[in-house]
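Dear colleague,

Please find below the structure that I am handing over to you. My notes on what was found in it follow directly after.

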Amino acid sequence: MTQSSDDGKPTPADQFRPLESVFRRRLLTGIGSASLLAVGANFGGVTSFLLGFSPEAARSLKLDALYPVGGYSRYIDSDEGFEFVYPETWLGDQTLLYRAAGKAERSLDPPPLSGGGGRRNEPVVAFGPPGSSGEVNVSVIVSAVPIDFSIEAFGGADDVGAAVVRTITRSDVKGRLIESSLREDSLTKLNYYELEFGVETPTFRRHNVAVCCARKGRLFTLNAQAPESAWPHLKSHLYTIAHSFNLL
């Protein structure tokens, strides 16, 4: 490719030199396109890595609903109107997913003539570590309450916590309030009661972090739980989940 020609004819290198800039442009374009594709599809966690340089900005833009940021993904329920973050490795509860699919199918059928139906007091969503049997998870329950229902009527955060513990205490179940606090949202004028409590029975001991909030005839309750033995290395996750819970 580099040898010269004595008869004045152009060498192969001379012939291909005009194409050099074309090849260079196509190479750079290909690299750029591949990079954009990798970012858009989060190949190898590229997007999550880049967003990690500015996690607060990424979370404020809700980008963690698409890509994990700082080890957490965001769940947004636009139908019920709430959101929270959870560890990116946790998976959705398959039982709830199948049940939701069944409800969607049944919603296509005409309603029964007898009316009724009512809503079961069950989680609308739940996440937990893969392979877990449910001892570690976070779930959200949305319950219908009177339109004028107010959590504030129970008193302060300690009073609300005591009321919650009383509801779970039975002859074979012992509840213990550990800590309670009030998180106020000045923009939406909503109060979030964050409660930490323990539950003990003859067969297990569990640590819970819950958040309660009411709005327009609905009571929202997020509960994150773990066995007492696993609490020390899971508490930061559960605290993060609870602090992130908000109504839309």
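In this predicted model, the largest nonpolar core has 28 residues, of which Phe-82, Phe-84 and Phe-245 touch the most other members. A nonpolar core is here a set of buried Ala, Val, Leu, Ile, Met, Phe, Trp, Tyr and Cys residues joined through side-chain atoms within 4.5 Å. Buried means under 20% relative accessible area, exposed means over 50%, and partly exposed lies in between (1.4 Å probe, protein chains only). Two or more residues each are given to this core by strand 2, strand 4 (123-128), strand 5 (137-144), strand 7 (190-200), strand 8 (205-215), strand 9 (218-227) and helix 7. Helix 7 provides the largest share, 5 residues. Helices (H or I, at least four residues) and strands (E, at least two) are DSSP runs, numbered from the N terminus. Apart from this core lies another, of 13 residues, including Ala-157, Tyr-193, Val-199 and Leu-219.

Not counting residues up to four places away in sequence, Phe-82 touches Val-124, Val-140, Phe-220 and Phe-245, among others. A contact means heavy atoms within 4.5 Å.

Strand 2 (residues 82-87) and strand 10 run antiparallel and are joined by 2 bridges.

I turn next to the charged pairs. Side chains of opposite charge can pair when their charged atoms come close. The structure holds 4 salt bridges, a salt bridge being a side-chain nitrogen of Lys or Arg within 4 Å of a carboxyl oxygen of Asp or Glu. One of them joins Glu-83 and Arg-74 (3.5 Å, N to O), and both of these residues are buried. Arg-183 and Glu-194 form another, with the closest N and O atoms 2.6 Å apart. Because Arg-183 lies in strand 6 (residues 174-185) and Glu-194 in strand 7, this pair ties together parts that are 11 residues apart in sequence. Glu-194 counts as buried, at 9% relative accessibility. Arg-170 and Asp-172 also form a salt bridge, at 3.8 Å between the closest N and O atoms; Arg-170 is exposed, at 53%, whereas Asp-172 is partly exposed, at 43%.

Two loop residues deserve a note. Lys-189, in the loop between strand 6 and strand 7, has a positive phi near 60° and is exposed at 68% relative accessibility. Lys-216, in the loop between strand 8 and strand 9, has a positive phi near 50° and is exposed at 72%.

As to confidence, the mean pLDDT of the chain is 77, and 62% of its residues reach 70 or more; pLDDT is the predictor's confidence in each residue, from 0 to 100. The pLDDT is below 50 over residues 31-44 and over residues 46-53. Where pLDDT is low, the predicted coordinates should not be read in detail.

Residues are numbered from 1 along each chain as its sequence is written, and side-chain values use heavy atoms, with hydrogens and water left out. Because this is a predicted model, local features need pLDDT of at least 70 and side-chain atom pairs count only at pLDDT 80 or more, while totals for chains, interfaces and linings use all residues.

With kind regards

Methods:
Pairing = 2+ DSSP bridges.
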